[in-house]
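Let's walk through this one together, starting from a charge and a ring and ending up among the strands.

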Amino acid sequence: MSLSKNTLKLITSLSQKKYRQKHNLFIAEGIKVVNEFLKASFQVKYLFTTDVSLFEGEESIEISEQELKKISKLKSPNKVVGVFEIPKEKEINLENFTLVLDDINDPGNLGTIIRLCDWFGITQLVCSQNTVDCFNFKVVQATMGSLTRVKIIYTDILTFLSETSLPTYTADMEGENVYHTSLPENAVLVMGNEANGISKEVNEIIQKKITIPRFGIIKQTESLNVATATAILLSEFKRGLDS
């Protein structure tokens, strides 16, 4: 079966958020990433592959290498392009440890943070409405399948922060040294925009500010990448807990 012009147009359009929302679809590529979504029972719209034997039991569509290149967003296409339905957003849990993102813009950062949530057992990630779409292709690929195991909710984070009974924390250069701080098992950690940090409105309702100290002799490094800072802080919140 060859690719129709309409199907090619649909897949190409999914590069843009408005069309992902319109069609309720997103793209994943590569054997590992696609298999993660299949194992997690995401609904498949199309499964295009140059080798149908890789996906026995799935209704896959065999296409040529040339056709794969037309729909792939990778420099080196890896045998399969999957088009999946975006699942319905789940309800927020106000009781468990939650990571909140305030206007994270970079897809690579969001993808890495989703993987960090998966690694540290954070099952819920709450994002501001202006945070990059988690079904952006670059985010999907960067998560390496962790997107299937982390519940991601886009909402008004000011409302969420005002409703939770958990203590709220954020990273701040003027905050308390995280290595000298007693951290609770359940809390809300807010991480801010790459350039501007958390918004003024969010900053005003955060209860506790913590910082990752600099140990260099000169101490001229301006700041840490948000994903790197998130990794360090999640590690500290999880310190001492059984794995």
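K238 lies over the face of F97, 5.9 Å from the ring centre. A charge counts as sitting over a ring here if NZ of Lys or CZ of Arg is within 6 Å of the ring centre and within 35 degrees of the ring normal. Keep in mind that this is a predicted model, where local features need pLDDT of at least 70 and side-chain atom pairs count only at pLDDT 80 or more, while totals for chains, interfaces and linings use all residues. Residues are numbered from 1 along each chain as its sequence is written, and side-chain values use heavy atoms, leaving out hydrogens and water.

Now for strand β5, residues 98-102. Helices (H or I, at least four residues) and strands (E, at least two) are DSSP runs, numbered from the N terminus. Five of the five residues of β5 are buried, so the strand is largely enclosed by the rest of the structure. Buried means under 20% relative accessible area, with exposed over 50% and partly exposed in between (1.4 Å probe, protein chains only). Look at either face and you'll find it covered: T98, V100 and D102 on one side, L99 and L101 on the other.

What does β5 pair with? Strands pair if DSSP finds at least two bridges between them. Five bridges join β5 to β9 (residues 188-192), running parallel, and D102 stands opposite G192 there. Three bridges link β5 to β6 (residues 124-128), again in the parallel sense, with L101 partnered by C127.

On to the aromatics, with 10 pairs in the structure. Rings of Phe, Tyr and Trp (its six-membered ring) pair if their centres lie within 6.5 Å; planes under 30 degrees apart count as stacked, over 60 as edge-to-face and the rest as tilted. F26 and F135 have ring centres 4.7 Å apart and planes at 40 degrees, so this pair is tilted. It links distant parts of the chain, 109 residues apart: F26 is in β1 (residues 25-29), F135 in the loop between β6 and α6 (137-143). F26 is buried at 0% relative accessibility, and F135 is buried at 11%.

F37 and F84 make another tilted pair, 5.4 Å centre to centre with 40 degrees between the planes. Here 47 residues separate F37 in helix α3 (residues 31-39) from F84 in strand β4 (residues 80-85), and both are buried.
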